[in-house]
Every structure is written in structure tokens, then in C-alpha cells.
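Here is a short briefing on one protein model. Keep the structure in view as you read.

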Amino acid sequence: MLALQHVAIAYSADTVVKDVNFALMPGQIGCLLGPSGCGKTTILRAIAGFERLKSGSIVLQKTEVSSAQQHINPEQRQVGMVFQDFALFPHLSVADNISFGLARASKAEKAQKVRQLLQLVGLPNLGNRFMHQLSGGQLQRVALARALAPEPKVLLLDEPFSSLDTDLRESLARDIRDILKQLNITALLVTHDQHEAFAMADIIGVMSDGELQQWATPYELYHKPINRFVADFIGRGVLVPGTVLAEGKVETNLGIFTPRYNNIMQQGARVDVLIRPDDIVHDDSSPVTAAVVEKTFRGSHILYQLKLKSGEQVQCLALSHHNHAIGEDIGIRLDLDHLVLFPV
Ligand SMILES: Nc1ncnc2c1ncn2[C@@H]1O[C@H](COP(=O)(O)OP(=O)(O)OP(=O)(O)O)[C@@H](O)[C@H]1O
């Protein structure tokens, strides 16, 4: 288990991580997601033991490894790391890179471990190759095997896919997830790419400006964002103005919504309602229509930007055989699963 409690980290007088709390259960894969400079890498480095804490604590399998008073050295923490730039040795073979951290093992033990790990990461015949003979995806698999070889208590992955092609990123993220799940290893990934986060993590922490905004499953982040930052950072969507009516119903130019959950907004309060592209269903038989302003072909779907009669714009994700031209009016129906409101 990995737990961070009230963690704050500062570079000189500048506190770049503020009161961060989260925990990962054994075998759980977490992700810190956020824009550049929000403090993700600093947290990862603190877990590995490369940064000291200003306050709070980090607990790794029941041992407090970091606090303002306590600091266990990186090499004693049994933490594995995978980096964006692979950090592999070019003058060593794949097999020697993987066994590099196994100084105390015998030659036969090393060979067996390398064989097992190469099998696990899907490169069973490449042990004798050198780094310049491998693709980016293969290099990252070798880096993963090397990090796993000493059987770390927790695996940390710092933007491991960002130097790879977009197409490869998601499929490798899914493959690595499968490998980590087979081993039941606890892992924490850092990325600014939500698709990578969704492909790999069980639970995601969205960060902004050194603070953890929300720690939740991908589904919850998308459907129940806790604030405007998370709503805006995760997925697409627009905020439509509305007014709270009796019994928590909300009136907007798109109609009156009845919340499925109890909202604590007062009657008469002005709010913004989050509408995701998948909340708006294209329906030819609907009396409500909107004009196509923009369209983006996404293969199986088309993302339409639509203008309502009231002038507001919303997005609609429609199956791609519903192909309409810009300027055309199309029927839409609202299918709001969760009513997400933010006070104005
Ligand atoms: N060694 C350092 N000395 C001083 N400030 C630093 C140091 N390392 C990072 N920072 C600052 O701390 C803040 C958080 O940086 P960090 O690298 O953790 O962000 P990040 O979210 O990982 O960003 P990115 O996605 O760009 O890597 C930034 O404002 C950065 O400039």
C-alpha cells in the first residue's frame, strides 16, 4: 500500500505541492493527471525519495518513508521507476539492462529472471539486441522489465509514453496495465494525457497548481467532476447557464432538468450546467433542433458543434453514419445522466 497524508513539498520558499492526500491499495494502479508544472513529477520524486517533504508523510507498506523529520534513502525504498526517455544503457544488451539492478543474484538466477521478464513484456527473443535496434515501444517494454526485475514494492511511471506515437500510446498503456495486473503490483503513473490515464489507471488524481483537485475513478471524474477545473480538464463539454427551480429542478434554454441526485442549490440560484457531447443525442424525430456549426470526423463518431435557437453552442457526439452538412438543422434530445451544477 502507498499512502500520502497532507504532503507539502517546497523548493526554497516556493511550495509547489500543497496538502496532497491519496492512497493506493495493493495492486491498484493510480495516476496523477494535470497540466505542465502542477507538481506531478515532484510528488513522484518524493515517493522515490529524491525530494524531501516540507510536511505530511508518505507511507509505503506500513513504513513511513518520508516526513518532515524522516527520510529513507531512495535505494532503501524498493521503488521501481520508468521514465519518459527510457534511461536505458546503450552499451549494454537488452538482457544486461534488465539484470542491471540484480547485483546480488547468480548468473543463472539473472538469466532466468531476464527470460521470465522478456516473456512477460512480450519480447521473448530480443535479449541480445542493443538499444539502437529497438523501436520506441520496445524500448519502453525493456525499461519496464528492468524496473520490475528487483521486484519493487511500488512502480512509478513518469510520462512513460510521451515520446511515442499517439497510436502506440494507448495500446502500450493497455498492455502495460495488463502486465501490472498480472503481477498485482501497485503503480503510480504521471501524465498530462487523459487518454493514457483512462487506458491505464483504476483511479486518477487531477492536479492543478500543486493541489489535488479530485481523486476518483475515470467515470466519476467525467460524470461527477467536483469543480470547474476538473470539468474542463477531463473530456469535452460546455457550461450552459440555468436557474434552480423548486425541488432542485434546473431551467435552461435546453429545457428543464430534474436532478437524479439531491442538489443543495437554493431555489432561484443561478448556476452553470455541464453538458457533455454524449449528453446530447441526435434524434431526427425530436422537435428541438440546432444548426451544425462545425463537425469533426472521428471514425465511428462525428463530433458536431451545434448552435441552439437561443444562440448558445453545445457539442453532440453522433454515430458517424448520421452525416450532416454545416448549416443544416438537426434534431437533438437531451439524455443527461448526471446533472452537474456549478454556482455562478
Ligand atoms: N529542482 C527544482 N527547483 C525549483 N523549482 C522546481 C524544481 N523542480 C520543479 N520545480 C517547479 O515545481 C513546480 C512543479 O514541477 P513538476 O515538475 O512537479 O510539475 P509537473 O506537473 O510534473 O510538470 P510537467 O508535466 O511539465 O513535467 C513547477 O513550477 C516547477 O517549475
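Buried residues make up 35% of the 344 residues in this protein. The model is predicted. The protein has 8 helices and 20 strands.

**Overall build**
- The C-alpha trace spans about 75 × 50 × 30 Å along its principal axes.
- Take the contacts between residues at least 6 apart in sequence: 64% of them join residues at least 24 apart.
- UniProt, in an unreviewed entry, lists residues 2–234 as "domain: ABC transporter".
- Over residues 2–234, the chain is 33% helix and 27% strand. The end C-alpha atoms of this stretch are 25 Å apart.

**Around the ligand**
- The residues around the ligand are Tyr11, Val16, Gly34, Ser36, Gly37, Cys38, Gly39, Lys40, Thr41, Thr42 and His192.
- Helix α1 (residues 40–48) gives the largest share of this shell, with 3 residues.
- Sorted by class, the shell has 3 nonpolar, 7 polar and 1 charged residues.

**Helix α5, residues 166–183**
- In α5, the residues Arg169, Leu172, Ala173, Ile176 and Leu180 are buried.
- Seen down the axis of α5, these buried residues fall within an arc of 110 degrees, so they line one face of the helix.
- The face turned away from that buried side carries the exposed residues Asp167, Asp178 and Gln182.
- What covers the buried residues of α5? The cover includes two helices, α4 (136–148) and α6 (194–200). It also includes the strands β3 (29–33), β7 (154–158) and β8 (186–191).
- Asn184 follows α5, and its phi is positive, near 55 degrees.

**Positive phi elsewhere**
- His6 lies in strand β1 (residues 2–11). Its phi is near 50 degrees, a positive value in a residue other than glycine.
- Glu151 sits in the loop between α4 and β7. Glu151 is not a glycine either, yet its phi is positive, about 55 degrees.
- With 12 C-beta neighbours inside 10 Å, Glu151 counts as exposed.

Terms used. Residues numbered from 1 in each chain as written. Predicted model: local features only at pLDDT ≥ 70, side-chain atom pairs only at ≥ 80, totals over all residues. Near = placed C-beta within 6 Å. Helix = DSSP H or I, 4+ residues; strand = E, 2+ residues; numbered from the N terminus. Nonpolar A, V, L, I, M, F, W, Y, C, P; charged D, E, K, R; others polar. Buried ≥ 20, exposed ≤ 12 C-beta atoms within 10 Å, placed from the backbone. Arc of directions from axis to C-beta. Contact = placed C-beta atoms within 7 Å. UniProt positions renumbered as here; feature names shortened; annotations may be inferred.
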